[in-house]
Every structure is written in structure tokens, then in C-alpha cells.
Amino acid sequence: MGAGGSFWGSDSDNNNGYAGSRASTPGLPVSRSHSPLPSECPSLPDSTSNGGIWPGRKGTSNGSANIGGYSPARKFLGKHLRKLSTTLPTYSPFSPPYSTSYGTPSTPFPPGGLRSCFSLRRSKLNTFLLLIAALMIFVFTYLHHNPVSSKIRYASGGSKIVIILAANQGGGVMSWKGAKEWAVERDSIANKKAYAERWGYHLEIKDMSTKRRYAHEWRESWEKVDVIKQTMRQHPKAEWFWWLDLNTFIMEPSISLHSHIFQHIQNVTYRDINIYNPLNITHPFSKTDFFYLDDVSLSPVGDDKAESINLVIPQDCGGFNLGSFLIRRSEWSERLLDIWWDPVGYEQKHMEWEHKEQDALEYLYTNQPWVRTGTAFIPQRMINSFPPGACAETPDDRRIFYDEKDRDFVVNMAGCEWGRDCWGEMAYYRQLSERLNSGWWKKSFR
Amino acid sequence: MHFALPGRNHRSSPFPAGSVPRAYFGRKRPLCAVVFLAILLLIAFSRNSGDRRPEGAPHTVMILLTNKTGHSTSYINKVVENRKEYAETHGNPLLLFLTVKESNNVQSKRSPPPINNVLGYGFFAGNVTDYPVGEAPNGWACIPAIRHAMKEYKYSTYFWFLDQDAVIMNPSLSLEQHILVPGRLGSIMRRGVPVVPSSTVIETYKHVPPERVQFIITQDAGGLQPGSMIIKAGPWAHYLLDAWFDPIFRNYGFQKAEQHALEHIVQWHPTVLTKLAVIPQKIMNSYPDVPGLGGTYEDGDLLVRLKGCAEVKGRSCEKEFQKYLEKRTPSE
């Protein structure tokens with residue numbers, strides 16, 4: 001078997017050398033015994049015959065067979081292209097199938113060659129551009145705060161959380177609302193608005209002005225329960241509802257509720273009130289007196305499942321604190337909101353219950369076992385830190401007061417309207433929050 | 001030899017013969033089989049485990065709260081016999097949960113009642129237990145009794161509380177067919193009727209599907225009658241019983257104790273009203289033939305509840321019980 005001539009053409013001489021047990025079929029590329037190795041390339045410029053790449057127009061030589069439809073013709077472009085062609089990949093029957101000179105993992109790119117170099121750069125450039133684009137998309141939809149990322153956060157779970165802000169407390173009926181009260185309200189609302197926008201939560205600002213139907217002896221101060229019921233009706237798809245009093249301030253807006261609480265709700269909340277029990281409620285129920293209760297009601301941690309947590313409340317030095325708490329939409333909550341106010345209970349106890357629905361909840365928790373199974377407590381400083389003025393009887397209790405070093409999440413200036421300066425406190429905490437979160441990263445990034 | 005066209009014989013495949021050994025697929029098959037078996041086992045296991053409900057667990061539980069003061073032991077025994085007979089007639093679905101209540105001063109050892117659970121034909125003769133109702137009348141004890149029964153039979157669904165002073169007249173009627181099956185319940189539920197007949201403000205809901213009902217009760221001319229009531233176990237039942245048993249209601253001094261408290265709750269709290277079904281009185285609360293009572297027992301009714309036999313002068317629970325016992329339809 002003679003040399004089969006160059007890949008692109010053949011000499012007329014070589015035609016005769018086409019050996020092989022196969023006859024060439026007309027019109028089909030003729031099989032050759034082996035493909036030419038580079039050294040076998042004829043020196044084309046010297047030859048007057050047509051072992052070139054392109055089929056020459058200058059006629060075919062006599063007797064030469066057509067190979068692939070190309071006539072062995074004079075080269076068209078000169079020796080540079082010949083050199084290029086000789087460095088193109090070749091197939092040798094003696095080498096294993098996959099170890100061609102390029103295309104293997106170790107040599108992904110062909111060696112040399114202008115064209116091949118250009119394609120390598122292009123794919124590298126493409127990948128690089130793609131990476132940059134992905135990074136930018138990531139930053140602008142996830143890390144940075146802008147309307148787009150807020151919408152995305154809303155759609156991916158933020159819409160399940162509703163912040164209920166109690167505004168216009170009293171409505172100026174019982175006491176005049178001056179410039180300072182308005183300023184406090186403005187700051188508080190702006191703070192919650194920014195927070196809700198940042199994380200894609202709903203915000204409901206509820207008017208808590210004094211209404212006749214909540215007059216003294218007529219469900220006085222039970223508005224909270226009704227408002228929550230109403231909000232649950234207004235947001236049928238939301239899951240968690242975070243109630244916030246007016247005199248609160250979210251100090252760390254870069255913390256989302258999900259990362260702060262819901263992601264690990266079992267770890268941050270506790271079911272056994274004995275961990276911190278300012279009211280000294282007997283918990284769990286004594287097995288001798290309440291032998292008829294089921295095991296879950298008798299257990300100190302209920303059924304210890306995250307799914308059964310429907311109410312998350314903090315406790316302050318005096319008991320439950322409903323200035324900032326979370327309630328989940330569920331059948332349990334529906335029942336609680338229903339039974340919370342009862343005329344018989346109200347009639348008997350409303351003079352005794354100074355904090356109205358808060359004390360009523362403490363009563364329900366103490367006396368109705370089913371309430372305990374759905375309630376979880378959260379350390380006060382996680383969503384309800386106090387300023388130094390509140391809970392003044394125990395100024396050294398580290399569990400209660402706002403700590404700048406620990407960067408507590410929310411401050412609740414509870415009771416500031418009795419004897420303290422609401423506006424002063426609000427301004428102080430607002431400025432403190434701005435100072436603590438003044439870095440460019442914290443301001444506009446996660 | 002290299003040819004441009006693939007050869008006709010299989011040996012000239014582009015892949016060398018040794019690159020993918022034939023034995024590879026043979027080796028894979030045992031692994032496939034193991035994975036398949038494991039999946040089968042998992043499915044079988046998960047289908048069988050369920051809620052770990054034991055086989056003998058009854059579907060329905062009868063609750064009897066006996067009051068020994070003022071009643072002879074033979075009377076109590078007759079009552080127990082009557083209930084037992086009903087339970088055994090219906091075999092599997094019913095178990096008996098008995099507790100005997102004595103006067104309040106007796107502090108007795110409270111041990112869980114022994115349960116004879118062979119195929120659900122159980123009979124419980126309870127020890128003396130005392131449900132703490134504080135200063136309130138004894139009628140309130142039915143609520144913790146039901147709670148206790150739900151604790152003891154935590155896999156049972158329906159709990160039927162029936163007063164001590166009642167005779168089951170027609171044991172052939174099963175509770176399921178007679179009341180509980182949703183089709184039957186839907187047909188006997190009284191919708192849009194005032195919960196308390198004297199006040200027409202709050203009425204039972206019109207569109208509650210029977211599947212969602214958790215509490216079945218009758219009413220007479222005076223109001224709801226918790227002397228014969230059925231509660232479906234679950235979180236709602238705990239809610240109702242705990243709210244009903246609230247010390248505020250016990251200490252409020254309702255004129256008719258737990259009956260008035262229940263009426264109060266039902267009227268003021270829609271979460272209770274939505275799960276309530278009021279059924280005709282004669283289904284499970286017929287009264288004896290006493291003038292002024294109404295709802296008189298007729299042949300074919302399930303039971304007679306001797307309402308007021310202990311309170312009203314001139315009536316004797318034992319005598320009436322005996323009278324109705326003799327009138328009974330013999331069970332088949």
C-alpha cells in the first residue's frame with residue numbers, strides 16, 4: 001500500500017497507489033489504507049501536478065481519480081496553508097481511538113494555529129463574561145437592596161409575614177397629640193416601612209384610636225385581638241403576623257425575621273416557662289391534681305415540635321409582654337383569638353386585669369391546658385428589648401435591657417408615655433441605629 | 001485497516017473490544033435488585049406503621065360517671081350491666097370506661113383503670129376517683145371525666161358521655177349507624193335552629209358539613225342537654241373541654257352549672273358553634289313519661305334518660321330505672 005497522498009488531494013501518481021481490498025465506489029470518498037502522515041505530504045509548490053487542497057480550476061491531470069469530488073489541482077493559496085493543513089489533526093490507525101492530538105482532557109485545545117487560538121480566547125472570554133454577569137445578578141437580586149430584590153424577597157417567602165403596627169394609639173381622644181407624639185409616630189412608621197420594604201414583608205398600620213365599642217366596661221383595650229383577627233382576614237395567604245406597638249424601633253434592619261427566628265425557631269424559643277418565669281406559673285400541670293390531662297398537656301415542652309408553635313411571646317419582668325410578639329395563622333390561633341375575650345371573663349376580671357388582654361392571656365395560659373401546647377416563649381431581648389427606663393425595679397437584669405454591644409434587634413420603649421420621654425427615647429434609638437448601621441455595606445447590602 | 005465506512009462485520013466497531021467489558025452490566029444487576037428490594041421494604045414498612053394504633057383500640061368509648069351518694073350499690077350495678085350489655089352487643093366499636101364517684105371528702109388512690117382490651121370487648125370497673133371541681137356542683141365532673149377517657153383511650157375517636165340515670169332501651173341500634181356516620185348525621189342535624197330555644201339570637205349554622213362536626217348534643221325545651229353528648233377526640237375537643245372547665249365559669253354560679261356554661265360558650269364563641277351539631281332529642285335523649293318534661297320515650301328510641309329523677313321530690317331513680325328496664329326491647 002502506497003502512501004495515500006495528502007488528505008486534501010492526491011497526486012495522480014498516488015492514485016495508482018490506492019491499495020486496499022476495496023474498490024473505490026464512484027462518487028464516494030475512496031477508502032485509503034491509511035491517512036497520510038505529515039511527512040508524507042508532497043512538496044506541493046514544486047510539483048506541477050495537483051496535490052493541493054483545493055480543486056484546481058486548471059483542469060485535472062489525466063487519469064487521476066476524483067477524491068471527494070475534488071480534482072487534484074494546483075494549490076490555491078500557497079505554502080502557508082499547506083503548513084496549516086499539515087498541522088491539522090491526523091488520524092493514525094495505530095493510536096488508540098481517543099488519543100487524538102486534541103480533544104482529550106489533557107490537551108483540550110489544538111496546538112498552534114491561528115484559528116484555534118482565537119476560539120480558545122473566545123470561549124475563555126465567554127466564560128468570564130458569563131461569570132461576571134452571574135455575579136452581578138447575584139449581587140443585585142440577593143445582596144443589594146433595591147426594588148427588584150425586595151420584590152424577589154417578597155415573592156420567595158416575605159409575603160408570608162405581615163407586620164402589624166399599632167398606630168395612632170388613643171387617637172388624641174383621651175390626650176392631646178402634639179408635635180412630639182406625631183414625630184414619634186412618624187419615626188416609628190418610617191422605620192417599619194423601610195424594614196418591610198427591605199425584606200418584602202407586608203406592613204399593616206392599624207388605627208388604634210379610642211373607639212366607643214371599646215369603651216370602659218365594653219371590651220376596653222381588647223382592640224388588639226380584634227385587629228389581629230381582622231388582619232388575618234385581610235391577608236389570607238400570610239402565615240406569620242408580627243404585632244408591634246407604636247413605641248418600638250427596629251434597630252437592626254439588616255436582620256430578617258427568617259434568619260433571626262423562623263429558620264431555627266425550635267432553638268431560639270423555649271416552651272418550658274420555668275426557664276424564665278416571672279409570674280411563677282406552675283408548669284407543667286401537677287400530675288396528681290391534673291391526672292386526667294393527656295400526656296402532651298402534662299409535658300413541660302408540649303409535643304416539642306416546631307409545627308405546633310403558634311404563638312411566640314416574650315416575657316418581661318412582670319409577665320407576658322404583648323408589645324412585640326408573633327402569632328401564626330392556624331386553627332389553634334383562631335380558637336385563641338376567639339376565646340380570648342369572653343363576657344363572663346371580662347365581667348369578672350376586667351378590673352383585676354390591669355393590662356387587659358395581656359393579663360387575660362396570662363390567665364388563659366394558666367388555666368386552660370390547651371393554650372400551653374401552642375405557646376412558645378422567646379427571650380425578651382430577641383424581639384422586645386427594653387430601654388433602661390422600663391422594668392426599673394430590676395435594672396441589672398441582663399435579660400431585659402437593650403444592649404448595644406450585642407446589637408439587639410428591636411427596642412420596645414414600653415410605658416414611656418407614663419413618666420418618661422417618648423420622643424427623646426425614640427430619637428435616641430433612631431440615631432443610635434443609624435450610627436450602628438452607617439457602613440455602606442450595612443446600609444444597602446444584606 | 002482503517003476504512004471510512006464502517007465495516008459490515010461487528011468486529012470493526014470504532015470501540016475497541018475491551019473498553020466496556022460485558023461483565024459490567026452483569027455486575028450492575030445485583031445492585032439494582034438490592035435497591036429495588038430496599039424500596040419495596042420501605043414502602044411496606046411505611047404503610048404498615050401508620051399511627052401506631054394498636055389493634056384492639058376501640059373506635060368509640062362510652063363514659064359513665066356514677067355517683068354513689070344517694071344510690072344503692074345494686075342500682076349502680078344495674079346501670080353498669082345495662083351499659084356493658086350495649087357495649088358487648090356492638091362488640092368491637094365500644095368499650096366501657098367507668099368511673100365511680102364518691103362524696104368529695106374521700107381522697108382515694110388514683111390509678112389508671114385496667115383495660116380489658118381483648119378485641120375491644122372491654123369493661124372497666126373503675127376505682128374510686130375524684131375529679132377536682134373545686135366548689136362547683138358535681139355535674140361539672142363530666143368534663144374532666146371525658147378528658148380522662150380521652151387520655152386513656154388515645155386512639156379512639158368518639159366519646160359518648162351518658163348520665164348515670166339512663167336506661168339504654170334499644171341496644172340493637174349502633175351508635176355509628178344511628179348517629180355518627182356522616183350521611184346519617186347530615187340528615188338528622190338540625191340547622192338554623194336557636195341553640196337555646198328561649199333566646200332566638202344565635203342559631204346553629206346552616207352549612208356545616210357533617211364531616212366537620214366534632215360535638216353532637218341534643219336540646220330540650222330548656223336548652224342544651226350535656227347529659228348525653230358525643231365528642232370527637234382531637235385538639236378541638238381539648239379546646240372545648242378546657243374552655244368549658246375554666247374556673248371562671250365554674251365559679252360564676254350559673255344557675256344550671258355546666259349546662260348554662262356550655263350554652264354561654266356556644267353562643268359567644270363561633271369557633272365552638274361551627275363544630276356543633278344539634279340533633280333531635282329523641283335520637284339519644286328521650287325522657288320518661290313525666291308530665292311537663294316533653295320528649296317522651298317511644299318504642300324504638302335508643303334510650304331513656306331519667307332527667308330530674310334525683311332532684312324532683314316524689315320521683316325515684318331506682319324505681320323508674322327498674323320500670324324502664326323491664327320495658328326494654330330484648331337485644332338480639
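Predicted model: local features only at pLDDT ≥ 70, side-chain atom pairs only at ≥ 80, totals over all residues.
Residues are numbered from 1 along each chain as its sequence is written, and chains are lettered from A in the order in which they are written. Local features need pLDDT of at least 70, side-chain atom pairs count only at pLDDT 80 or more, totals for chains, interfaces and linings use all residues, and side-chain values rest on heavy atoms, with hydrogens and water left out.

Over all chains, the structure holds three disulfides, a disulfide being a pair of cysteine sulfur atoms within 2.5 Å. In chain A, A:Cys317 and A:Cys391 are bonded, with their sulfur atoms 1.7 Å apart. This pair ties together distant parts of the chain, 74 residues apart: A:Cys317 sits in the loop between strand 5 (311-316) and strand 6 (319-320), and A:Cys391 in the loop between helix 14 (380-383) and strand 9 (410-412). Helices (H or I, at least four residues) and strands (E, at least two) are DSSP runs, numbered from the N terminus. The torsion about the S-S bond is about -95 degrees, so the disulfide of A:Cys317 and A:Cys391 is left-handed. A:Cys317 is partly exposed at 25% relative accessible area, while A:Cys391 counts as buried at 10%; buried means under 20%, exposed over 50% and partly exposed in between, with a 1.4 Å probe and protein chains only.

A:Cys416 and A:Cys422 make another disulfide, with sulfur atoms 1.9 Å apart. Here the angle about the S-S bond is 95 degrees, and the link is right-handed. A:Cys416 is buried at 0% relative accessibility, and A:Cys422 is buried at 16%. With the bonded cysteines of chain A numbered in sequence order, the pairing reads 1-2, 3-4.

Over in chain B, B:Cys309 pairs with B:Cys317, their sulfur atoms 1.9 Å apart, and both residues are buried. The torsion about their S-S bond is about 90 degrees, so this disulfide is right-handed. B:Cys142 is buried too, at 3% relative accessibility, but its sulfur lies 16 Å from the closest cysteine sulfur, in B:Cys309, too far for a bond.

Now for the helices. Helix 10 (residues 331-339) of chain A packs with helix 6 (residues 235-244) of chain B at an angle of about 15 degrees, the axes being 11 Å apart. Axes are lines fitted to C-alpha atoms, for helices over the stretch in contact, and angles run from 0 to 180 degrees between N-to-C directions. That makes helix 10 of chain A roughly parallel to helix 6 of chain B (angles under 35 degrees count as roughly parallel, over 145 as roughly antiparallel, 65 to 115 as roughly perpendicular and the rest as oblique).
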